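These are my notebook entries on one protein structure. I record what I looked up, in the order in which I looked.

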Amino acid sequence: MTKLAFVLGSNWLLSIAELLVYIQDRGFDGTLVDHSRNAAIVDIKQRLDSDQIVDMQSSLGGCYKVGKVIWEHEIDLPLKAYPAKKVASKEDLEEIRKIPWLKIVWPRVKGKKIKFGVSTYPIFDGRFPINFRRYTRGMDDQVKKLLMKNGAKRADYFAYDEPDRRIEGRLNIALWPKTIAKNSLLTPPNAEILAIFSEEKLYIARTRIVYDSMLQQYRDESRPFVSAEISTSPKICRTLLTLAGARPGDTVLDPFCGTGTLLMEAAMLGMKCIGVDIDGDQVQGARSNLKWLAKDMGEKLDYDIVKGDSRELTSVVKKQVDAVAFEPILGPIYKKPPLRDEAEKTIKELTTLYRQVLTEISSILRPDGRVAMTIPVINTEGEPVSVKFRDLTRGTGLALYRMLPGDSIKSRKNIDPRLRIRPSRELIPERKRGQVVQRALIVLEK
Ligand SMILES: C[S@@+](CC[C@H](N)C(=O)[O-])C[C@H]1O[C@@H](n2cnc3c(N)ncnc32)[C@H](O)[C@@H]1O
């Protein structure tokens with residue numbers, strides 16, 4: 001049995017869906033036993049080796065860090081020791097400062113120089129009756145003190161004290177992947193400790209792998225062809241690939257490939273890829289991106305990018321594909337919310353286009369294959385308007401695939417309503433701040 005802690009992307013529900021789909025597809029017997037806005041705790045019946053954990057993190061678009069859970073405290077302990085409002089009693093503080101997990105992370109410390117950091121993930125970003133900042137600093141100081149007391153030559157911790165400028169009101173008490181990589185915090189005797197809070201428990205985990213943000217940034221910025229207006233984020237591309245069930249060695253199709261972001265992600269994961277786009281400039285651009293990637297990786301990549309109309313996909317793609325993942329055109333770029341009638345007209349036209357493409361996809365998709373795509377949600381002056389699921393799939397030969405399998409979700413039933421997971425949901429929203437056209441992800445199967 002392995003208990004893993006996953007630090008989730010900003011869309012926690014989508015990250016959990018992706019994680020559960022991945023676990024199920026790879027044949028792991030896994031259950032989500034607890035979660036917060038920032039992290040998921042998963043029990044996996046099998047023992048996982050380091051390679052499997054690394055594979056997991058690098059395949060998932062919505063997972064920043066994976067750690068092995070090494071200790072669990074009831075939430076009462078930190079609630080009493082680090083209350084947000086009052087001052088703790090000496091006894092309560094002493095209890096939490098015993099750090100029973102120290103020996104698991106550092107069985108031998110004598111004469112060693114140790115660098116470490118405690119990264120705290122609160123249940124929400126908002127208010128909670130624990131002072132998380134004080135807890136984090138308290139742990140940093142206490143771990144350092146105990147390591148020195150046990151004979152370490154040096155013990156230095158890394159901590160952030162600056163406010164997170166990206167999200168107002170967010171506590172900045174977790175280390176960035178960049179800092180972890182730069183200071184080799186994952187190489188023993190160094191360590192990053194994850195302190196993950198849920199409503200019931202405080203989980204302590206030791207980080208095994210973090211998202212390679214420097215490599216991702218480099219690839220994103222150095223590729224020769226970018227088109228900010230249409231490009232999909234590499235992370236969402238990875239999530240779409242996981243949801244579509246694509247695995248290394250599979251042939252993946254993106255029928256609206258644009259600049260080729262999804263194809264690049266697929267190629268990096270060892271998949272063969274086929275891209276189609278109606279616009280010749282995009283096709284050229286996507287080809288140059290894949291060529292650049294192959295050179296950068298020093299590997300021969302298997303890709304084929306063709307110009308064509310995906311409404312007539314079967315006339316351009318003549319072979320069977322294992323998985324289909326894409327972001328189609330999402331309609332006009334509205335500067336301000338349109339009137340409801342206008343949005344409905346756009347959605348109607350797009351639904352027709354999507355349905356034509358899905359019908360074509362269905363005839364080249366492997367019998368048990370899946371399709372993962374985004375659809376637009378247009379904010380109007382009234383209610384948002386989006387594609388109706390039944391209109392989208394009617395007559396296509398594809399049916400809804402539920403991304404949140406109820407039998408692998410065992411998080412508490414009386415969990416805070418903001419964290420409730422409804423397994424019957426058909427789609428998962430993916431919001432982009434300040435945009436009129438939002439998106440949702442949907443998965444279909446044959
Ligand atoms: C949202 S963009 C895709 C962005 C892409 N994922 C990327 O990261 O660059 C949609 C693309 O679909 C293409 N497109 C529009 N209609 C099409 C059709 N009928 N068949 C194929 N491609 C189409 C557009 O040229 C555009 O490049």
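Before turning to the strands, I noted the rule that two strands pair if DSSP finds at least two bridges between them. Helices (H or I, at least four residues) and strands (E, at least two) are DSSP runs, numbered from the N terminus.

**Entry 1: the source.** I noted that residues are numbered from 1 along each chain as its sequence is written. The model is predicted: local features need pLDDT of at least 70, side-chain atom pairs count only at pLDDT 80 or more, and totals for chains, interfaces and linings use all residues.

**Entry 2: the whole protein.** I found 14 helices and 17 strands. The C-alpha atoms fill a box of roughly 70 × 50 × 40 Å along the principal axes. I looked up burial next: a residue is buried if 20 or more other C-beta atoms, placed from the backbone, lie within 10 Å of its own, exposed if 12 or fewer, and partly exposed in between. Of the 446 residues, 42% count as buried.

**Entry 3: strand β13.** Which strands does β13 pair with? I found nine bridges joining β13 to strand β17 (residues 437-445), and the two run antiparallel. In β17, valine 437 is the bridge partner of isoleucine 378. With strand β14 (residues 385-386), β13 pairs in the antiparallel sense over two bridges. Here isoleucine 378 has valine 385 as its bridge partner, and six residues lie between the two strands of this hairpin. With strand β12 (residues 321-326), β13 pairs in the parallel sense over five bridges; alanine 325 stands opposite alanine 372 in β13.

Why is β13 largely enclosed by the rest of the structure? I noted that eleven of the 14 residues of β13 (residues 365-378) are buried, so the strand is largely enclosed.

**Entry 4: helix α9.** Nine of the ten residues of helix α9 (residues 234-243) are buried, so this helix is also largely enclosed by the rest of the structure. The buried residues include Lys235, Cys237 and Arg238. Just after α9, I found glycine 245 with a positive phi of about 75°.

**Entry 5: the ligand.** Of the 20 residues around the ligand, Phe256, Gly258, Thr259, Thr261 and Ser310 come nearest. Both α10 (261-268) and β10 (272-277) supply at least two residues of the shell.

Notes: Near = placed C-beta within 6 Å.
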